[in-house]
Structure formats: structure tokens, C-alpha cells
Amino acid sequence: MKKDTLGIVYVLIAGILWGTMGIFVNYFDSINLGSIDISGIRMFFASVLVILFILIKNPSLLKIKIKDIWCFLGSGLLSLMIFTICYFRTIVLSSMSVAAVLLYTSPVFVIVLSLIIFKEKITKIKALSCIVCVAGTAFVSGVIGSDTKISIIAFLLGVTSGFAYALYSIFSRFALQKGYPSITITAYTFLFATSGLIFFADIEAITNSVLTKPSNCVIMLLSGLITAVLPYLFYTMGLEKIESGKAAVVAAVEPVVAVILGKIIFDDPLSGIQYFGIILVIMSIAIQNIKIKRR
């Protein structure tokens with residue numbers, strides 16, 4: 001399998017796994033845990049799982065240079081933590097649909113930042129796939145074709161969540177260029193994100209949910225593994241093989257998977273416009289593989 005194709009497959013797997021997040025969110029919501037609590041749970045258990053795995057397999061993977069710690073502070077605090085807080089606040093002030101569309105302005109930020117920082121060229125194919133991706137996400141979420149209105153604050157928070165989300169690709173690429181393995185980047189990203197989110201989460205509510213029903217601890221572990229550890233690991237592995245801008249567009253399969261699972265598991269209604277959005281997102285990913293030959 002070609003390097004580019006393998007990278008796209010890794011990022012696709014990451015996007016599909018992220019798309020399952022709604023299943024866990026619905027469950028945690030049913031036991032009265034807030035959005036920030038849910039995110040804190042994901043990051044905490046993800047940190048525990050990754051660090052335990054590294055300690056068992058190869059403890060030396062946890063070694064990093066102090067001068068490089070800014071890479072992990074960036075991916076953990078500036079990216080994951082800020083993205084989470086802004087994203088969930090956007091949901092509260094508007095809706096999940098609006099928040100999803102504003103979040104997926106991230107490919108635009110990734111492409112522009114990658115041009116400035118890593119000198120990745122903005123090709124016609126990349127620009128086209130980015131435009132189709134954002135449009136598809138808007139259709140999938142139902143924002144286009146509805147009477148949805150949002151406040152300026154919700155809009156700014158949503159775009160901030162997209163920008164913060166984009167920063168993961170940037171800081172991770174810096175760490176990759178410094179020679180750190182994907183799993184090391186993932187571990188420290190989760191660790192720093194957890195250290196920040198712990199100040200916003202309701203620890204008492206989380207503890208009570210586990211004491212009341214111990215099986216909730218297993219679900220929390222699964223949430224950390226399926227929606228955090230594996231997808232971020234696959235995404236970072238994908239970044240080793242394809243450009244940041246391309247990875248950001250391919251990851252947009254997440255809302256498509258979320259909508260499809262919502263239909264299958266929770267029997268959520270799915271309109272013709274959303275089907276059209278799904279087609280557009282798939283097209284944006286397919287466009288990435290188009291090769292234009294010049295004479």
C-alpha cells in the first residue's frame with residue numbers, strides 16, 4: 001500500500017472512531033454528567049490507558065526533552081483543552097449541528113497554518129477538497145436548509161474550537177519532526193489536556209456516578225479507548241505519511257459517521273439534505289486521491 005493511501009486509511013479510521021462519540025455522550029448524559037465532565041473522563045482514562053501500555057511495553061517511550069515540552073503543552077492545553085471547552089460551550093449556546101459545522105472550519109486553519117509554518121503548498125485539489133468538505137459538513141449537520149440562527153458569541157466560540165482543533169495537527173507535526181513516536185505524542189497530549197480539564201470538570205458528580213454504578217467505570221474506560229486513545233493514535237500515525245491539510249479534510253468523515261450511527265442506533269431522522277452532505281464529504285476525501293498529470 002502506498003504511503004499516502006496508508007496515511008488516508010489511518011486518518012479515516014480515526015474519523016470513524018471519533019464518530020462513535022455520540023453513543024457515549026448519550027449514555028453519560030443519561031446519568032446526569034455534563035459535557036465538560038464527559039470530556040474530562042475521556043482524557044483521564046485515555047491518559048491512564050496509554051501510559052500503562054507504554055510502561056508495560058517500553059517505558060523509554062515516555063522520555064522527552066524539556067526543551068521540547070512546548071509541543072505537548074500545545075497539543076494538550078492549547079488544542080484539546082481549549083477545543084473541548086469552546087466546542088461544548090458552542091453546543092450549549094446554539095446546537096450540536098452548528099457546533100459541528102464551525103468545528104469543521106478546522107481544515108481551512110490547518111491548510112493556512114501548514115502553508116505558513118511547514119511551507120505545504122495550497123494546491124487546487126487541496127483547496128477544492130477543503131471547500132467541498134466544509135459545505136458537506138454544513139449539509140450533514142442540517143445547518144444549510146434550515147432556519148438556524150446563531151449569536152455572535154456562539155459563532156466566535158465555534159470558530160475558536162475549529163482553530164484549536166487544527167492546532168493538534170500543527171503541534172503534533174512539530175513533535176513528529178523532532179523524532180517522537182506517535183504514542184509518545186498521544187500520551188503527553190492526553191496528560192496535559194487532563195491536567196487542564198480537571199479544573200472545569202465536576203469531580204464529585206463523576207465519582208458519585210462510579211460509586212452508584214461501578215460498571216460505569218468500564219464504560220468510561222471504553223470511552224477513553226475508543227473515542228480518544230485509538231483515534232488520536234491513528235490520526236498522528238496518519239500525519240507521519242500525509243500532509244496536515246489533507247489529514248484534516250479526511251477526518252471530516254467523523255460527522256458523517258455520527259449521523260449514520262444516530263440513524264441506526266437511535267433512529268434519528270435523516271433528511272435528503274443530510275444524505276447530500278454525506279456524499280459531499282465522501283467526495284472531498286476522494287478528491288484527495290486525484291492525481292493531475294502535466295505534460
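Reply: Helices (H or I, at least four residues) are DSSP runs, numbered from the N terminus. This is a predicted model, in which local features need pLDDT of at least 70 and side-chain atom pairs count only at pLDDT 80 or more, while totals for chains, interfaces and linings use all residues. Residues are numbered from 1 along each chain as its sequence is written, and side-chain values use heavy atoms, leaving out hydrogens and water.

Me: How far apart are the end C-alpha atoms of helix 13?

Reply: The expected span is 1.5 Å times one less than the number of residues. Helix 13 (residues 253-266) has 14 residues and should therefore span 20 Å, which agrees with the 19 Å between its end C-alpha atoms.

Me: Which residues of helix 13 are buried, and which helices do they pack against?

Reply: Buried means under 20% relative accessible area (1.4 Å probe, protein chains only). In helix 13 these residues are Val253, Glu254, Pro255, Val256, Val257, Val259 and Gly262, and they pack against helices including helix 1 (3-18), helix 8 (152-177) and helix 14 (272-287).

Me: Which residues have the most contacts inside the largest nonpolar core?

Reply: Such a core joins buried Ala, Val, Leu, Ile, Met, Phe, Trp, Tyr and Cys residues through side-chain atoms within 4.5 Å. The largest has 63 residues, and Trp18, Phe190, Tyr232 and Tyr235 have the most contacts inside it, whereas helix 9 (residues 182-197) gives the most to this core, with eight residues. A second, separate core of ten residues includes Leu33, Ile41, Ala201 and Ala205.

Me: What does Phe190 touch?

Reply: Contact means heavy atoms within 4.5 Å. Leaving aside residues up to four places away in sequence, Phe190 touches Met43, Ala46, Ser47, Val50, Leu80, Ala228, Val229 and Tyr232.

Terms used
Buried means under 20% relative accessible area, exposed over 50%, partly exposed in between (1.4 Å probe, protein chains only). Helices (H or I, at least four residues) and strands (E, at least two) are DSSP runs, numbered from the N terminus.
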